Amino acid sequence: MKNILKDFEPKNLFDAFEQITRIPHPSYNTAALADYILDYAAAHGVDAHQDGAGNVIATLPASKGHEAAKPVILQAHLDMVADKVPDSPHDFTKDPLILIVRDDDLYADGTTLGADDGAGIAMCLAIMAEPGLVHPKLYMIFTVEEEVGMDGAYALNMTPFADAASMINLDSENEGEATVGCAGGAKIQCVFPLRRVKAKGLAATITLSGLAGGHSGDAIDQFGLNANVAMGQILATIGKTIDFSIIDLNGGTKENAIPTACTAKLMIGPYERLELDQYINALQQTLREIAGARDRNLALAVTYGENKQQEAEVLGPDSEALLLYALTTAPNGVQAMGRAVPGAVDTSLNLGIAATEGKRFTMTFSVRSVHNAARDLLCDRLINFADYLGGRSTMTGQYPAWPSRADSPLFNTMNAIWQARTGAPLKRVTIHGGLECSLFADKLPNLDIVSIGPDNMDIHTPNEHMSIPSFKRTYAFLCETISALA
């Protein structure tokens, strides 16, 4: 395989990142990457082990003469979000990513890049191999399943790291920003029973695609369209004049990614094709006007099966009404803004997945809030919503908000270094997305935590890309900060 990054410096950093992209590591499939890190650590004389949950912990003793300095935790996560363009043959469980350098940015061919959080892992590995870097005792913690509920951080025994004074999380996406707080969150899955009946008609498939999507914590305040919600509105509008039955509906891949596409398979009358074509053309124009610039690539299309009547199991009228009601009335998007931080999102939720499967319809939400109580109230609202419609709900992956510290010696140190390097202050931010920092702060309340990272755009989408110069600068900034803490 061609070494796309072989000529980039620092070599240790870019070699490590490229190797990470060659090892499949979607959520729940991180064992191979964990083994690579363990082998890498052993090759560089670094003590490392894996706990029962699959987390990898490496410990670097302090540089000679700096043993009195308080230990520092460097933290990243092993798993990546696996998303790809619809026609990509990529298998995230066995295929390496195909890297593309475009101008100063790094992409993967038709898939997520995994710089969230491959960039953080690569920086830690490069530090293991960095000759002459002065540093305090370092705990490097690589957690599993961050993207699907922070399972690794939940299971991590943090007692061995209680002597650490500070932690640098490497899972942020904007250079020049230091994240010092984040929202809490939870995953809610609502499941509704469906009744199916046999029907005859012409098979038609409506596809909504090309939406911008994005991370539900990072992009929810952009107010782009949610493909699942929009499909519910499309079907409800068409149903005012066209008699159809729903065979299946499927939209979204991750609860924490705003869905970019949704497909509905229908059964229509044999003489309604022309009218449906006209509706779809008109609705595409209407949706583009509503969506504006963010979702300018929106596409709405209808395709047909064989031009003859077929028999299929469709949703009964009561189940079809339930599905459309749920899609069009369930809460979604920003719920409150500016109560904690002016101009910032306080509370939101994202209908990331909507899918029929046999005799059940599932809606999966990611709920977020800077207030744990507001998060819990919104979760209760969804649970009550499902109960009222005869469904059932489960809540998983609940994690607390990470409140920012009024005074952070770690931030002050990093800010001084950043100003010396750039002439500008380091921006202090609280984000709406979730970070594992919240669990570390909850279990080790005296730990001073800051999160940083290089410019990484369109994360959790096939257009994810990372700035190469920013990656280099962020690594240099990290190394200088570590030396200052020694």
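Modeller: N456 stands opposite M466 in β24. This is a predicted model, so local features need pLDDT of at least 70 and side-chain atom pairs count only at pLDDT 80 or more, while totals for chains, interfaces and linings use all residues. Residues are numbered from 1 along each chain as its sequence is written, and side-chain values use heavy atoms, with hydrogens and water left out.

Colleague: Okay, and how do β23 and β24 pair?

Modeller: In the antiparallel sense, over two bridges, with β24 covering residues 465–467. Strands are DSSP runs of E, at least two residues, helices are runs of H or I, at least four, and both are numbered from the N terminus. Two strands pair if DSSP finds at least two bridges between them.

Colleague: What's the strand order in that open sheet?

Modeller: It goes β4-β5-β24-β23, four strands with antiparallel pairing. The edge strands are β4 (99–102) and β23 (456–457), each pairing on one side only.

Colleague: Which helix packs on the sheet?

Modeller: Helix α11 (residues 468–484), which touches β4, β5 (105–108) and β24. Its direction makes about 60 degrees with that of β24. Axes here are lines fitted to C-alpha atoms, for helices over the stretch in contact, and angles run from 0 to 180 degrees between N-to-C directions.

Colleague: New topic: how many residues are in the largest nonpolar core?

Modeller: It has 65 residues, and those with the most contacts inside it are L74, I127, M128, M140 and F142. Helix α3 (residues 115–128) gives the most to this core, with ten residues. A nonpolar core is a set of buried Ala, Val, Leu, Ile, Met, Phe, Trp, Tyr and Cys residues joined through side-chain atoms within 4.5 Å.

Colleague: What is M140 in contact with?

Modeller: Leaving aside neighbours within four places in sequence, M140 is in contact with V56, I57, A58, L60, L74, C124, I127 and M128. Contact means heavy atoms within 4.5 Å.

Colleague: Where is K254 found?

Modeller: In the loop between β12 (244–251) and β13 (257–258). Beyond its neighbours within four places in sequence, K254 is in contact with V81, A82, N350, G352 and I353.

Colleague: How far apart are K254 and S319?

Modeller: They're 65 residues apart in sequence and 24 Å apart in space, C-alpha to C-alpha.

Notes
Buried means under 20% relative accessible area, exposed over 50%, partly exposed in between (1.4 Å probe, protein chains only).
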